[in-house]
Amino acid sequence: MENIKKYIEFEPSQKCSVTDCNKKANYEVYLYDYYREFNEEFFEQDYTCPFICEEHMHLNEKNASGNRRPRGYVSYPFTNKHGAQGYTRYQPVKEIYSELLNNGLLVPNASLRIDFSDINSQLIQQLSRNPELMYKLDPRKFEELVAELFNRKGYEVTLTPQTRDGGKDIYAIKKDAIAPTLFVVETKRYSKTNKVGVEIVRGLYGVKSAERANVGVIVTTSSFTKDAIDFASPLNYELSLRDFDNLKEWLSEYK
Ligand SMILES: [Zn+2]
């Protein structure tokens, strides 16, 4: 399977990823899982909290709950915010980066590659041929799909940790010669009959304003209520509502 790579900026002076923490990162955070059936170990960088300081690491461990083994799920205050199966492991940053540097895999200020998506060309092709399959994706997967579609259109994309209320999902930055533009994107993988209402559109508009983003975008497998459309239409430089037909059109480029 071909994985689409995602990137996060790495700098040697990397800060702890915990909100409002200004300490230097001491550890890189991994999600660790073990599949007994396949006797296979699974590691991935925790994109919901890629770096953590010493102090937060201890707090994170102290307040963790759940079973690590056999194959379990552990809930943490700071890491594994996407609620994935497995538990958090830490690796001192010095070790990783000196190793990467020594192997010529990393130059200071280079981007660190992380994989967090298995949205691949094959899946996108399948969806472009049969867009109805989008209704079968779980909401997080749908979010990754939308992130990937933005990515393919030349945006720099960051997925945010999953939140209960679905808040903002994706940041997408478009850089061009004149000015960079920041988009906050919220995805709603709703059934066809469940239209996105005005309260969600209003909510995103609030987030967009608070985050000083340029444009708020809602992408849904469904469509929008009349109230939602009426709210957004005078704000058409600040809000963009994309429905099933728009998605179909985006996907059709990858047939
Ligand atoms: Zn910290």
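Helices (H or I, at least four residues) and strands (E, at least two) are DSSP runs, numbered from the N terminus. There are seven helices and 13 strands in the chain. This is a predicted model, in which local features need pLDDT of at least 70, side-chain atom pairs count only at pLDDT 80 or more, and totals for chains, interfaces and linings use all residues. Residues are numbered from 1 along each chain as its sequence is written, and side-chain values use heavy atoms, with hydrogens and water left out.

Q: What makes C16, C21, C53 and H56 the protein donors of the zinc ion?
A: Donors are N, O and S atoms within 2.8 Å of the metal (3.2 Å for Na, K and Ca); water is not among the atoms, so sites may look incomplete. Here SG of C16, SG of C21, SG of C53 and ND1 of H56 lie 2.0 to 2.3 Å from the zinc ion. In sequence the spacing of these donor residues is C-x4-C-x31-C-x2-H.

Q: Why is the site of the zinc ion called tetrahedral?
A: Four donors count as tetrahedral if all angles lie between 85 and 135 degrees; four count as square planar and six as octahedral if opposite donors are over 155 degrees apart and all others between 65 and 115; anything else is irregular. The angles among the four donor atoms of the zinc ion are 100 to 117°, and the site is tetrahedral. The ideal angle for four tetrahedral donors is 109.5 degrees.

Q: Which parts of the chain does the pair C21 and H56 tie together?
A: C21 lies in the loop between β1 (6-9) and β2 (27-35), and H56 in helix α1 (residues 54-62), so the pair ties together parts that are 35 residues apart in sequence.

Q: Is C21 buried or exposed?
A: Buried means under 20% relative accessible area, exposed over 50%, partly exposed in between (1.4 Å probe, protein chains only). C21 has 9% relative accessibility, so C21 counts as buried. H56 is buried too, with a relative accessible area of 14%.

Q: Why does D20 count as exposed?
A: D20 has 74% relative accessibility, so D20 counts as exposed. D20 lies in the loop between β1 and β2. Its phi is near 70°, a positive value in a residue other than glycine.

Q: What makes the pair T79 and N60 a polar contact?
A: A polar contact is a pair of N or O atoms within 3.5 Å; within protein, one must be able to donate a hydrogen and the other to accept it, and residues adjacent in sequence count only if both atoms are side-chain atoms. The side chains of T79 and N60 make such a contact at 3.0 Å. T79 is in the loop between β6 (74-75) and β7 (87-92). T79 has a relative accessible area of 0%, so T79 is buried.

Q: Which backbone nitrogens does the side chain of T48 reach?
A: The side chain of T48 reaches the backbone nitrogen of N80 at 3.4 Å. A polar atom of that side chain lies 3.0 Å from the backbone nitrogen of K81. T48 has 6% relative accessibility, so T48 counts as buried. N80 counts as buried at 3%, and its phi is near 45°, a positive value in a residue other than glycine.

Q: How do you know that β9 (156-159) and β13 (239-242) are edge strands?
A: Two strands pair if DSSP finds at least two bridges between them. The open sheet of five strands has the order β9-β10-β11-β12-β13, with mixed pairing. β9 and β13 each pair on one side only.

Q: In which sense do β10 and β11 pair, parallel or antiparallel?
A: β10 (residues 170-174) and β11 (residues 181-188) pair in the antiparallel sense over five bridges. A172 stands opposite F183 in β11. By contrast, β11 and β12 pair in the parallel sense over six bridges. The bridge partner of V184 in β12 is G216.

Q: What makes β12 mostly covered?
A: Six of its six residues are buried. V215, V217 and V219 point one way from β12, and G216, I218 and T220 the other way.
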